[in-house]
Amino acid sequence: QAKAAGVNIKLQQTNTAQYFGPNWLSWNFAQDYWNWYTYLVQAAQVTGPKAQLDETHFSNPKYDKLFKEAVGTTDKSRQTELIHELQKVDYDEGAYIIPNFPPIIDGYASNVNGLVPSKNGISFNNYDLKSAWLA
C-alpha cells in the first residue's frame, strides 16, 4: 500500500529492549500498541500538549487548545463534543496510523457473579477477578 502511494519503506526489525531503549521517542517511524484507555487519558500521554510519551512529535495549536478545554470542563456533553473534535483532528492531521480497534469482549458463564463492566474498557473491570464468585 505504501509503495502504491509512492512511499518506499525499509523495515528495521528490533527487539523490545532496543525499541523501547534510548531511541524510543526519536524513531523516524515506528509501530506501537496502546491499550484501550479512555480518549483523554490516552491523549494526555501521547498526543496532548507536553505529552511525556510523544512518539509522533505531533504538534497542532488547535488540538492543544481543544485538549485543554476538554480536560478543563466538567460539562460531560461539552467534553464529548470536544473529544469528537479532537478525534477529527487526529483523523485528518494526526501522525498515528491506526490499523484497527480490536473488539474487547468478556464472556463468562451464567453461574459467575460479581463481575461488573469496566469504566475504562479493560476486560473484567481491570481483571478484578477477586470480586468474582461462582453460584
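Guide: Before we start, a helix here is a DSSP run of H or I with at least four residues, and helices are numbered from the N terminus. The model above is predicted.

Visitor: OK. Which salt bridge does Lys88 make?

Guide: The side chain of Lys88 meets that of Asp92 in a salt bridge, at 2.6 Å from N to O.

Visitor: How far apart are those two along helix α4?

Guide: Lys88 and Asp92 are four residues apart in helix α4, so about one helical turn separates them.

Visitor: And what about Arg78, what does its side chain meet?

Guide: The side chain of Arg78 forms a salt bridge with that of Glu81, with an N to O distance of 3.1 Å. Both belong to helix α4, which covers residues 76–93, and because they are three residues apart, they are separated by about one helical turn.

Visitor: How accessible are Arg78 and Glu81?

Guide: Arg78 has a relative accessibility of 27% and counts as partly exposed. Glu81 is also partly exposed, at 43%.

Visitor: How many salt bridges turn up in the whole structure?

Guide: A search of the whole structure finds five. One of them is between the side chains of Lys130 and Asp128, at 3.2 Å from N to O.

Visitor: Is Lys130 buried or exposed?

Guide: Lys130 is exposed, with a relative accessible area of 78%.

Visitor: New topic. What is the phi of Tyr127?

Guide: The phi of Tyr127 is near 55 degrees, which is positive although the residue is not a glycine. Tyr127 lies in helix α5, residues 123–127. With 48% relative accessibility, Tyr127 counts as partly exposed.

Visitor: Then what is the phi of Lys50?

Guide: Lys50 has a positive phi too, about 60 degrees, and is not a glycine either.

Visitor: Where does Lys50 sit?

Guide: Lys50 is in the loop between α2 (39–46) and α3 (61–72). Its relative accessible area is 83%, and exposed means over 50%, so Lys50 is exposed.

Visitor: Where is Thr16?

Guide: Thr16 is in helix α1, and Thr16 is exposed, with a relative accessible area of 58%.

Visitor: How far is Thr16 from Arg78?

Guide: Thr16 and Arg78 are 62 residues apart in sequence. In space they are 40 Å apart, C-alpha to C-alpha.

Visitor: What about the surface, which residues make the nonpolar patch of about 350 Å²?

Guide: That patch is made by Val7, Ile9 and Leu11. Val7 is in the segment before α1 (16–19). The relative accessible area of Val7 is 43%, so it is partly exposed.

Visitor: What volume does the second largest pocket have?

Guide: Its volume is about 580 Å³.

Visitor: And what classes of residue are in its lining?

Guide: The lining of the second largest pocket has nine nonpolar, eight polar and one charged residues.

How values were computed:
Residues numbered from 1 in each chain as written. Predicted model: local features only at pLDDT ≥ 70, side-chain atom pairs only at ≥ 80, totals over all residues. Heavy atoms only, no water. 1 Å grid on protein atoms, 1.4 Å probe; cavity = no way out; pocket = protein on both sides within 12 Å on 5 of 7 lines; lining within 4 Å. Points joined across faces, edges and corners; volume = space filled by probe spheres on them. Nonpolar A, V, L, I, M, F, W, Y, C, P; charged D, E, K, R; others polar. Patch = residues over 30% accessible without salt bridge, like charges linked within 9 Å, V, L, I, M, F, W, Y side chains within 5 Å. Areas by Shrake-Rupley, 256 points an atom, 1.4 Å probe, with all protein chains shown as cover. Salt bridge = Lys/Arg side-chain N within 4 Å of Asp/Glu carboxyl O. Buried < 20%, exposed > 50% of the residue type's maximum accessible area, 1.4 Å probe, protein only.
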